[in-house]
Each structure stands twice: as structure tokens, then as C-alpha cells.
Amino acid sequence: MTDQYSGQNHATTKDRPQDSAKYRLVTLWQSLTTVRTNPTNNKCLTLPILRLDNPYSRNFHLSWLGFWVAFLSWFAFSPLVPEAVRTDLKLTQKEIGNSNIISLCATLVVRLIVGPLVDRFGPRKVMAGILLVGSIPSGLAGTISSAQGLHVVRFFIGILGGTFVPCQAWTTAFFDTKVVGRANALVGGWGNSGGGFTFIIMVGLYNRLREDGISAHSAWRAAFAIVPVPILVAVAIVTLVFGTDHPDDTWNDKQQDTRSTGIAKRILGNDNVESHSTRNQEMFDEKASQGSQDKRHGDSEKGITVGVHAVTVPDTETGRLDSDTHMKAGAGIPSCAAPGQEGFSRAVISGVIKNPLTWLPAFAYLTSFGYELAIDANLSNVLFGIYNPTKPGFNQTTSGYIASIYGLLNLFSRPLGGYLGDIAYRKYGVPGRKHLVLLAGVAQGLLSIGLGVYIDRHHHVSASSTPSLAVTIILLVLVALVNEIANGANFSLVPHCNPNSNGFMTGIVGAAGNLGGVWFALMWRYQPQPFGRAFWIAGVVTVVRSIQRIKWGLIVFTFDDRSSTLYSSSSAYRADSY
């Protein structure tokens, strides 16, 4: 196999001893620098993130960058609320809680809308459009003069949270099932880390403006004009100029599934079926056709009649099944819609909503990402409330920097979740990814209970006692690691569900995450004190819901290798054999 971008030759599995594990391993350096594609769908089988000379690498980096910069405005208020914004606008604790909830409500609605838009127009245009639209309310942040104004501006800034949908749909379109878990987790984790970096950037910029003599009233307003607005606009332009929507170059090209065309030829024996195949696909079709003809010839000599039927096809490296080709309902031939581009109609909406495979990752994401959103929105304020009254020198800056740890861990922990999902997939198939998501949810809930109980047992205002800051940070780190691993593992599972409506599916799951954010944020809104109560309540809810999903998943979700099929004559073809 040849890297079409570097010209380097790489042996296929046909050339390697199948019984030797060392020949089946790709070195880390090769996997990060080599472009190897699956000829059946033109998707990348590696993660060439250390290169920029190919569309797979460029679009990978543009997807997480667009999501990352969205946080510069979406989460910009959280680190400044405890002192600067709260004092300037004379906000009550309830008004602060309401503003957090309102910003998440907007994102919930936008993600549901953005999913179908991605399926229609492609992730590149949708990503750039969200960034440009979101820059407008970001620029108006300096005009806020009351709690009502804060609510309105934060609602429209919440539009930026919709960037998550094109971010995930983009990498799903470019990376094969073998690595899509890691690809989705990396862009999701690196993008989510923008929440942590935002705490550092906004607090640091505010402090610098104050040191330069600018009043608190003006400093937090100026910070929005200096950081979020120009960066949002710049990244939107870069996305439009350098990005592409699909391995076949444009989103419209995606309407013609190259694999379906070749398969239709083999099944129907129809030379009039128009081919849109790439060079690799033509070679694949030629080999497959030869194999099919030989098989038919041999069978005819034996007096055997060969029919056309669905067979399972193993993944090119793992022996697992490719989930990108499905049968059109009732037709008996492959759908000509490529994954993620089935069109958008009432029938598609109904099919996705009625499909039980839609709701396991959606409900899991409700309690995992929803929890993370609520933590990001409230953690700085909670830490400030616990330690500011009794710990000298503990101020808005300190609480903001500590709270940033939760988001920054996404650089490592969410990609780890995707990596573990890929390992589970190689060993156990799709059920492995499903069970990893559910078990991570239980662990997240148990750790959150432990954190909340510890804070409440050691925080007594009347006795001026506070929980150990070091222990609190350690517990927060453990919760963050498991929470973000669950998020990463979840989106290694999503591409297996409704692959022909990937944007809509991603929108549903992403919106469920925001619904969970609103749900958990209400716990901090109505149970602000004692400070640990919301943590342990959220933990109990997460454990209960995760156990319910485990039971439900075992009964309803027969998520096995037969959920994905490829259609040919009586034998299966391994893409890496050609």
C-alpha cells in the first residue's frame, strides 16, 4: 500500500505474516505521519496529525480548532463571575445560576438544528457559520448593564456550543471505523480543553488590564473585545479557505457513494451503473468482480445456483465489521447514500428517532457531558464560596485557575476514552465500546458522590473549617478523568449508530449532553449550599441512570457485529487484500 501523499510504500496485511503480531502493528510514528486510506470509502486508517499536506490532517485540526475557539466566548463569563461581573452588575446567586442555565439552553436548541444542517451543507460551512454568528453577541458583551442583559447575551453566545456537532461529524466523515473513536475523542478533547484555557486566558487578561489602570467595570468588558471576537472571525475564515467537507473533496460528491456503485455492479451485473470510483476503488471493484466471476464459474460447473445475499465483512485491520454500508429498507440493494448523507426528510427523522440505537449514546452523554458542562459553569464560583471567606489570598484568580484544571484535562482524558473505545472494539466489537461507556458512567457517579460527601463533612461555616484544598483538587481530578473518558468513549460508539444520518445523530447526542448540562445546573441553582450537596446528588443520579442503561442495553441493544453488512455475491472481500 502506498501513501498517496508521501509516496512511501507500506505493506498490506496480504504481504505480512498473519500469525505474527509484530507485523500487524503500526508504529506510533507511522500512525501519526502516514496517510493510509480504506479503498472502499476513502476514509483514513491512520491519524496523521503531525502532517498538514493532506486533507485528513488539515480537516482534523480545523475541526478541533473551531470547537476550541468557541469556548473563548461561550465560557468566558464563568471565571469572571465570582468577583468582577458579580460586583459590577450587582448579581445575586440566583441570577448567576439562571445565567448559567440560559447559556446551556441555547446550545441545546442549536445542536438539534445544526445536526440536519451538517447533513445538508457539510461540516465546514456549518462550522464557519456558527463561529461568525456567535461572534456578534460576543462583541455585544460590553453593552451589558443588568442581569437581564447578561441573560440575553449569554443566551445568544450559547450558539457557539453548536460547533461540537460539525466538529464530530467532520472527523467521522474522514476517518475509518478502525480509528474513528480516537479521532473523535481527540478533536472533542482538544476542543473541550478550550474551556480550561478560557479560564486562564480571561482571568490573566482581566488582571493585566486592571494592572494597567483600567477599572473593573471596563476591564471585563474589554476582555471580550480583545480575545473572543477577532479569533472567532479569523478561525471561521481559515475554515472556509483551507477546509474540505469530505474525502471526495466536496459535500455534494458525498451523495455518490463509491462503494455502493461498485457493489451494485457486482450484485446486478449491470454495466450501465455509473462509476464515481477513485483509482483505489476501481482496483477494488476489479479484484472483487474477478473473484465473483471465478466463484460463479466454479459453482456453475458443480450445478450450484448462486444467489445474492448479505454477508458480514471484517474491518481491514481488526477483523471486525465495517459499519458504513447498510441496506436500503426493503430494497435488497445497498443505499446510494453515503454515510452521513442520506438526505433529510420526515422519513429519515422518524427512522433515527425510532431507532433504539440512537438513545443509548444520547442518554449516556446526558449524564457525562451534561455533568461536565455544569461543573465548568459552577466550579469556580463554588471554590470561591468555600475558600475565599477563610483562606487568605484565595480570590477570583485562584478559583479560576483551579477550575481550569477540569477543562484542561480534556487534552489527555477524552482522547484516552476514545483510545480505550478502540481497544474495546478490537477485542469485543461494538459491545465493548457500549459497556465501556456504561461502566465509566457508574465510576463517574461514585466519585462525584465521594467528592460531595467529603466537602460537606469538612465544611462548616460556623466553625470556620474548610475541606483540604489539596484533597478537593485530587478528587476533582479523579472525577474529571473518569467523566471525560466517558465522553470520549461515547463518541467512539456514535459512528455505529445511524451512520447515514451522522450529522443528525451527532446533533441529537450533543443536544442530549446540553440537556444534561441544564439538568445538572439546576441542582447547583436550587441546592447551592451546603456546597457539596449538588455534587453528591448529581453522583447519585448518574449512578442510578447508568445502572438503568446497563440493564436496558443488555435487553434492547443487540449491538453485535451483524448490525453492519456489506453486499456482494457469496464471498466477502477484505479491502486490505488489494
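**A loop and a helix packing site**

A: T40 is placed in the loop between β1 (37–38) and β2 (43–44), where helices (H or I, at least four residues) and strands (E, at least two) are DSSP runs numbered from the N terminus. This is a predicted model, in which local features need pLDDT of at least 70 and side-chain atom pairs count only at pLDDT 80 or more, while totals for chains, interfaces and linings use all residues. Residues are numbered from 1 along each chain as its sequence is written, and side-chain values use heavy atoms, with hydrogens and water left out.

T40 has a relative accessibility of 8% and therefore counts as buried (buried means under 20% relative accessible area, exposed over 50%, and partly exposed in between, with a 1.4 Å probe and protein chains only). The side chain of T40 also makes a polar contact, at 2.8 Å, with the side chain of N38; such a contact is a pair of N or O atoms within 3.5 Å, of which, within protein, one must be able to donate a hydrogen and the other to accept it, and residues adjacent in sequence count only if both atoms are side-chain atoms.

N42 is likewise in the loop between β1 and β2, and at 9% relative accessibility N42 counts as buried. Most residues other than glycine have a negative phi. N42, although not a glycine, has a positive phi of about 65°. K90 is another non-glycine residue with a positive phi, near 55°, and lies in the loop between α3 (81–89) and α4 (93–121); at 69% relative accessibility, K90 counts as exposed.

Turning to the helices, two packed helices are described by the angle between their axes and the distance between the axes. Helix α16 (residues 413–428) packs against helix α18 (residues 469–493) at an angle of about 50°, with axes 6 Å apart; axes are lines fitted to C-alpha atoms, for helices over the stretch in contact, and angles run from 0 to 180 degrees between N-to-C directions. α16 and α18 are therefore oblique to each other, given that angles under 35 degrees count as roughly parallel, over 145 as roughly antiparallel, 65 to 115 as roughly perpendicular and the rest as oblique. The residues of this contact of α16 with α18 divide into 7 nonpolar, 7 polar and 2 charged (Ala, Val, Leu, Ile, Met, Phe, Trp, Tyr, Cys and Pro count as nonpolar, Asp, Glu, Lys and Arg as charged, and the others, Gly among them, as polar).

The axes of helix α8 (residues 177–211) and α16 come within 7 Å and cross at roughly 170°, and α8 and α16 are therefore roughly antiparallel to each other. The residues of the contact of α8 with α16 divide into 7 nonpolar, 6 polar and 5 charged.

R182, a residue of helix α8, is one of those that meet α16. R182 is buried, with a relative accessible area of 18%. Leaving aside neighbours within four places in sequence, R182 is in contact with L47, G418, Y419, D422 and R426, where contact means heavy atoms within 4.5 Å.

For the setting of these parts, the protein chain comes to 20 helices and 4 strands, and buried residues make up 58% of its 578 residues.
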